[in-house]
Amino acid sequence: QNDLLSATGTTVFTVMSALATQHGAINLGQGFPDYEGPEDVVRAAADALLDHRNQYPPLTGLPELRQAVAAANRRFYGLEVDPDSEVIVTSGATEALTACLMAVLNPGDEVVLLEPLYDIYLPLVKLLGGVPKLVRLSPPKWELPRAELAAAFGPKTKAILFNSPMNPASKVFTAAELAFIAELCQRHDTYAVCDEVYEHLTFDGWKHIPLMTLPGMRERCMRIGSAGKTFSLTGWKVGYITADRSLAPNVAKAHQHLTFTTAPNLQRAVAVGLSKDDAYFESLSTELQARRDRLAEGLAALGFGVLPARGSYFITADFTPLGFAGDDVAFCRHLTEVAKVTAIPVSAFYPGPDAPRHFVRFAFCKRMEVLEEALSRLAAWK
Ligand code: PMP
Ligand code: GLN
């Protein structure tokens, strides 16, 4: 057995989803919508299957999807990219993350990671022989600790890997924070793996800014998107990477060794999705914002200390005011077993020492009636 894998447990999302099923709890843990994605996109996938074009698509993705990714880069961010040499389609953002890191890491290279971190980042960096350097953002403000971040960069740093909008902090990095990160990348001559799966899920006028659009960052960034999040179809696992032509061939080589290609019908459907009008992308975030508002208001009324959520699927809340005797893991277990509502302990995103232990993450990408039912269960439990 691989020692690193033996030391890795089952992901907290799977553990909590299984616990939710076992106890008949409403699952506000794992981040997946309980509603379908756009009908025309789903239909395009079905039609494409029946078109009998079901053999291996090209290694970097179907031309129509690469063109759609390039067009979306231009439409949303004014980023000009060549669909033939600067876009790579992958089997989900998860594979994209693996391919990007694999493309640049040599054993012993350091990778700067920001806590709270998405669960696969740490094992992934280690499995690829990298050395993680953790920098911590803490609730309730999730401020970027600039001095610590600067100190984490050094001669061995190969890349920084982070997500914005951020899971579970729901933080959207500001232009000033991104400029700070960009300056460090340039000063230390590093890459940036930019996990931007929640790029279209921002609220209250907050706008996502890709690090890749900052001066001097085009050649350094590998920008990752996910159809799962952009079209509320998380099971599809279609991701896409935008990277400069100086970098993309190596990423494509890594992708060749991982999955080589991604289901062609899904690629055709995602191309249809990315070509949808601006109204679709606006309604995606406004509908989600309404769900966020309902859950935030309900949790606050129950006494939770609800933190601001500016992007992603998640609200983080402090349960200290509820007077529960136990940490976040115990609280989430108790809530699942007794209240029949499941959340994720935020400490799961803090592999370093002294994790915060009184915050939990609730996913609000659920039908309104499900959120209502979850809130009534919590009210009855309290
Ligand atoms: N990055 C982040 C920050 C995520 O929350 C997720 C979860 N969906 C992923 C990557 C994985 O995306 P995909 O399902 O497209 O592999
Ligand atoms: N990204 C999802 C979340 O944060 C989970 C994806 C998974 O289960 N691996 O909830």
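How do the residues of the shell around ligand 2 divide into nonpolar, polar and charged? I opened the predicted model with that in mind. The shell has one nonpolar residue, four polar residues and no charged residue.

**Ligand 2.** I then listed the residues by name. Those around ligand 2 are Thr11, Phe13, Gln30, Gly31 and Asn167.

**Ligand 1.** I turned to the other shell, where 13 residues lie around ligand 1. Gly92, Ala93, Thr94, Tyr118 and Ser226 come nearest to ligand 1. I sorted the shell around ligand 1 by class and noted three nonpolar, eight polar and two charged residues. I also looked up which element gives the largest share of this shell, and found helix 5 (residues 92-104), with three residues.

Seven of them form an open sheet with mixed pairing, in the order 2-8-7-6-5-3-4. Strand 2 (87-90) and strand 4 (131-136) are at the edges; each has a single partner strand, so one side of each has no neighbour in the sheet.

**Strands 6 and 7.** Strand 6 (residues 191-195) and strand 7 (residues 221-226) pair in the parallel sense, over four bridges. Within this pair, I found Ala192 opposite Cys221 in strand 7. As a reminder to myself, strands of a sheet pair through backbone hydrogen bonds, either parallel or antiparallel.

Methods: Residues are numbered from 1 along each chain as its sequence is written. Chains are lettered from A and ligands numbered from 1 in the order in which they are written. This is a predicted model: local features need pLDDT of at least 70, side-chain atom pairs count only at pLDDT 80 or more; totals for chains, interfaces and linings use all residues. A residue is near a molecule or strand if its C-beta atom, placed from the backbone, lies within 6 Å of it. Helices (H or I, at least four residues) and strands (E, at least two) are DSSP runs, numbered from the N terminus. Ala, Val, Leu, Ile, Met, Phe, Trp, Tyr, Cys and Pro count as nonpolar, Asp, Glu, Lys and Arg as charged, and the others, Gly among them, as polar. Two strands pair if DSSP finds at least two bridges between them.
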